Amino acid sequence: SILENRKLQEEFMKGKKKIDDDHLLQLDDAKTNTTSGNISSQKPSYYSKLVKNMGKMGSQAMAIDQEYEIANTEMYSGYFQPGCIMSEVQVLRSSSEWSAGLRNTENSILQGYYELIENSKHYIYIENQFFVSKSWTDEEKNKCKHSISDIVQNQIAYFLRLRIEKAYRDKEKFRVYVFLPLLPGFAGEPEESGTLQIIVKHTYAGICRNYGLSLIEQLEKIMGDQWKNYIGFYSLRNHALVNGAPKTEIIYIHSKLMIVDDTKVLIGSANINDRSMIGSRDSEFAVIIKERKEIIDQKTKRNFLMNGNKYLAANFATSFRRALMGEHLGINPNDPILDDPVSDQLHNFIIQRANNNTKIYHTVFGCYPDDSYTNINLLQNAKKEKETEDPKAFLNKYMGLKDKIVGHFVEYPLLFLKEEE
């Protein structure tokens with residue numbers, strides 16, 4: 001019964017002690033065989049009874065195949081928020097022998113990225129702490145006299161490139177939005193820190209400069225500047241008056257997520273780099289969330305849209321995308337401009353806002369990284385000029401322009417230190 005089930009839950013949580021390395025629940029009320037170290041079967045644990053009970057009740061309920069009814073039944077009432085929707089959730093891992101005792105290394109997070117990118121129909125939205133990824137094939141590398149990042153294995157950038165090339169060939173409207181931190185979170189200055197320089201070098205090698213092998217360089221060979229219609233790289237920055245002086249700082253993106261087509265969300269702990277993705281190094285965890293598609297947005301009560309047409313979308317994926325875009329753009333997440341994620345109106349709005357904010361930050365703060373600083377000398381000279389600037393003139397300049405900075409969007413500086421090795 002439902003009451004019995006709830007009692008079992010309460011007793012289980014009350015008696016639970018810990019989960020050991022073998023994932024066996026040690027319960028206060030369970031007798032332990034000191035010889036074998038296993039929980040004795042002489043006395044059934046609350047946990048095993050609970051699992052059996054829930055499994056039986058769950059299978060009976062799922063057979064009904066009515067998601068809303070399941071979510072709202074008394075049996076599940078303790079597990080769900082009101083009005084929630086049942087979803088398919090696939091667990092992904094980066095695991096291997098050292099981290100999980102696996103005979104074979106598992107890189108299902110990487111495979112999840114590949115599959116979602118390859119099968120995407122309309123757009124891809126990415127936020128990640130890193131973007132160190134291979135955008136070329138071995139054959140392409142062998143034809144090139146020089147290359148950077150030979151050691152990089154994951155091909156997330158390559159799969160993005162292939163999907164954009166397909167959209168261009170098929171004359172499809174397709175968007176990719178990538179958000180990265182302006183600089184990696186390592187101590188030191190770009191002109192001094194070797195660790196920071198290495199990460200920046202490998203990041204740019206995958207994105208825009210690698211002797212013709214990078215993602216953007218490959219796209220330029222096929223479509224020239226039209227790549228900008230398909231993919232954009234962005235970052236986040238903030239500003240404020242602190243003790244009467246203007247200050248700006250990077251908003252450090254630490255999330256690791258991808259939203260695809262307003263239907264699927266991949267979110268977890270894995271960065272876009274080999275350390276997280278190839279499976280034999282860091283152990284990572286992620287999930288793909290896919291819920292039932294609908295025509296009406298439950299929050300805005302407007303039709304879901306994609307490329308100007310009514311569209312079957314998922315409430316969670318759509319609302320998540322709108323919340324992130326709205327916060328970054330400095331607008332209400334329910335603003336109609338966010339209804340259609342691939343519209344020219346939204347695309348141009350994002351480009352203009354990022355460009356406008358970037359120019360103002362450069363004018364007021366001369367901050368870095370920035371496309372203006374293509375080599376270290378330019379960067380160091382700009383820092384010296386900033387140190388000698390009149391504080392009153394600086395404050396007046398800030399006060400006159402600060403209200404024109406809207407949201408946190410700024411351009412990711414693709415030209416930063418491009419003249420340096």
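Predicted model: local features only at pLDDT ≥ 70, side-chain atom pairs only at ≥ 80, totals over all residues.
View 1. The partners come from distant parts of the chain: F179 belongs to strand β6 (residues 175-179) and Y234 to strand β7, 55 residues apart.

**View 2. F179 and Y234 belong to an aromatic cluster**.

**View 3. Y168 and Y230 form one of the aromatic pairs**. The structure holds 13 aromatic pairs. In this one, the ring centres of Y168 and Y230 are 6.5 Å apart and the planes stand at 80 degrees; an angle over 60 counts as edge-to-face, so that is the label for this pair. Here too, distant parts of the chain are linked: Y168 sits in helix α7 (residues 156-169), while Y230 sits in the loop between α9 (215-223) and β7 (231-242), 62 residues away. As for accessibility, Y168 has a relative value of 25% and therefore counts as partly exposed. Y230, at 9%, counts as buried.

**View 4. Arginine R163 lies over the ring of F174**. Now for a charge and a ring: R163 is placed over the face of F174, 4.2 Å from the ring centre.

**View 5. Arginine R237 lies over the ring of Y361**. Here the face of Y361 has R237 over it, and the distance to the ring centre is 5.7 Å.

How values were computed: Residues numbered from 1 in each chain as written. Heavy atoms only, no water. Phe/Tyr/Trp six-rings, centres within 6.5 Å; stacked < 30°, edge-to-face > 60°. Helix = DSSP H or I, 4+ residues; strand = E, 2+ residues; numbered from the N terminus. Buried < 20%, exposed > 50% of the residue type's maximum accessible area, 1.4 Å probe, protein only. Lys NZ or Arg CZ within 6 Å of the ring centre and 35° of its normal.
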